[in-house]
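This report is written for a reader new to the structure shown below.

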Amino acid sequence: MEIYPPPLERLIEQFSRLPGIGQKSATRLALFILKSHKELSQSLAASLIEVKEKIELCSTCFSLTDEDPCAICRNENRINGIICVVEGPGDQLAIEESGVFKGKYHVLHGVLAPLDGVGPEDLKIAELVARLDKENIEEVILATNPTAQGETTASFLVKILSGKGVKITRIALGIPMGGDLKYMDSMTLQYCLKTRSPVVP
Amino acid sequence: MENYTSRSIIMRTKEVGETDLLVTFLCPDKGRIKGIAKGARNSRKRFANCFDAFCLVDLQFSLKRSGDLYLLNSGRLINAFPGIRLDFTSLSYASYMIELTEILFPWGMGDRKIFELLRESLDALSRGERAEAIAVLFEVRAMTLGGYGINLERCCNCGRIYKGEGKAVFKRDRGGVACLKCQEETAVTPGISPQVVKMIQWMQTIPFRSLMKLELADKHIQEIRPVLKLHREYHLPKGPKTVCYLT
């Protein structure tokens with residue numbers, strides 16, 4: 001039996017379809033919307049429509065954009081010869097926030113994950129290879145996460161890209177800032193020691 | 001709230017909320033179970049890098065008063081099987097073994113043998129052993145442990161004991177072999193050489209450590225794979241989806 005009036009039940013149902021939102025959270029959100037001013041609902045609804053209508057993928061780097069090509073691909077001050085390959089738009093944002101990378105990006109939109117039904121043809125890998133042929137690329141930085149799937153994707157890209165005449169690099173892996181050696185896992189420590197770098201005074 | 005500590009293999013993870021993870025893992029005693037790891041994605045101490053797929057970890061967990069979802073309290077990485085990450089083929093075979101385990105063993109069905117088999121197989125893959133051979137060894141043994149062993153002792157039609165003289169014919173509907181007098185070779189009843197029959201018998205019975213050392217030649221793998229495919233597809237209609245990624 002439905003406890004709430006049908007329109008409210010429908011809103012709860014719609015919210016509960018979102019990732020990480022269960023029935024209770026959906027009910028809380030729906031009741032909050034109901035209690036709020038009408039302007040909030042209108043602007044929320046308008047934003048939902050706008051995001052679906054205006055946001056698309058950049059035809060060059062496949063990042064999210066409201067204008068094709070995206071702001072980074074259009075920016076003439078960015079270094080043209082370096083591409084940083086990331087899993088998703090969130091990873092690109094994190095690197096952009098660090099402010100150190102001045103090259104361009106390529107968003108794969110996922111990683112190789114057979115358990116989730118994601119194979120090479122489901123990622124923007126062919127588009128990356130096409131970019132190497134089209135643009136004058138000198139270096140490809142593989143910035144996929146150091147998970148089993150992320151590492152495998154990086155290894156797969158190395159195989160695909162080697163022989164294309166570009167320098168292929170991988171982001172470093174190790175102890176995070178503010179980390180504590182005592183709590184590090186043995187695999188990370190092994191990798192850190194194997195890939196240690198000389199200190200120049 | 002009862003607390004448990006168990007060596008486990010991480011099968012799948014799913015991001016929940018801001019920093020939590022829903023983790024599916026395999027324990028020797030409790031089988032395949034699910035647990036929630038609060039704050040796992042931000043954790044640098046309690047869950048330092050231990051929730052990556054295929055990892056062997058020591059987990060501490062407790063059962064909530066209601067439901068069958070466990071609460072994961074802490075974890076320690078034992079082996080991440082780094083060799084699996086080196087190429088897509090190894091990842092695909094590891095994923096296949098995880099999926100086949102999920103299909104054969106229902107939630108909460110503890111079986112130390114399948115845990116040991118999966119661990120040994122992931123370890124062999126990580127060491128760079130031939131992935132096709134490991135997958136065949138794993139599949140034969142996992143099907144046996146799951147109750148789908150192939151009957152190789154006697155002809156499933158006439159009951160005559162198979163003595164290893166001449167070819168046998170595999171019959172998927174009977175889950176065993178028939179002699180050539182009872183059944184002729186066809187596409188769905190492939191012939192198996194006496195040597196391969198013997199090999200499958202070994203694979204179904206010998207200890208795990210010896211199992212992973214069993215050397216399979218390419219010709220043996222080519223002979224066993226169609227048999228396993230027929231056997232799997234007949235008995236497990238909802239077969240593993242990862243099979244499409246295997247070479």
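In this predicted model, B:His231 is found in helix H6 (residues 218-235) of chain B; helices (H or I, at least four residues) and strands (E, at least two) are DSSP runs, numbered from the N terminus. B:His231 counts as buried because its relative accessibility is 1%, where buried means under 20% relative accessible area, exposed over 50% and partly exposed in between (1.4 Å probe, protein chains only). Leaving aside neighbours within four places in sequence, the contacts of B:His231 (heavy atoms within 4.5 Å) include B:Met143, B:Tyr148, B:Phe170 and B:Gly175.

Residues are numbered from 1 along each chain as its sequence is written, and chains are lettered from A and ligands numbered from 1 in the order in which they are written. Local features need pLDDT of at least 70 and side-chain atom pairs count only at pLDDT 80 or more, while totals for chains, interfaces and linings use all residues; side-chain values use heavy atoms, with hydrogens and water left out.

Chain B as a whole has six helices and eight strands, and along its sequence they follow the pattern β-β-β-β-β-α-α-α-β-β-β-α-α-α. Its C-alpha atoms fill a box of roughly 65 × 40 × 30 Å, taken along the principal axes. Of the 247 residues of chain B, 54% count as buried. Among contacts in chain B between residues at least 6 apart in sequence, 62% join residues at least 24 apart.

Chain A holds an open sheet of four strands in the order S4-S3-S5-S6, with parallel pairing; two strands pair if DSSP finds at least two bridges between them. Strands S4 (104-107) and S6 (167-170) of chain A stand at the edges with a single partner strand each, so one side of each is left without a neighbour in the sheet. Neighbouring strands of this sheet are turned by 25° against each other on average, direction ignored. Strand S3 (residues 82-86) of chain A pairs with S4(A) in the parallel sense over four bridges, and A:Val85 stands opposite A:His106 in S4(A).

Two helices of chain A pack on the sheet, as tabulated here. Axes are lines fitted to C-alpha atoms, for helices over the stretch in contact, and angles run from 0 to 180 degrees between N-to-C directions.

| Helix of chain A | Strands touched | Angle between directions |
|---|---|---|
| H6 (residues 125-134) | S3, S4 and S5 (139-142) of chain A | about 150° with S4(A) |
| H7 (residues 148-161) | S3, S5 and S6 of chain A | about 170° with S6(A) |
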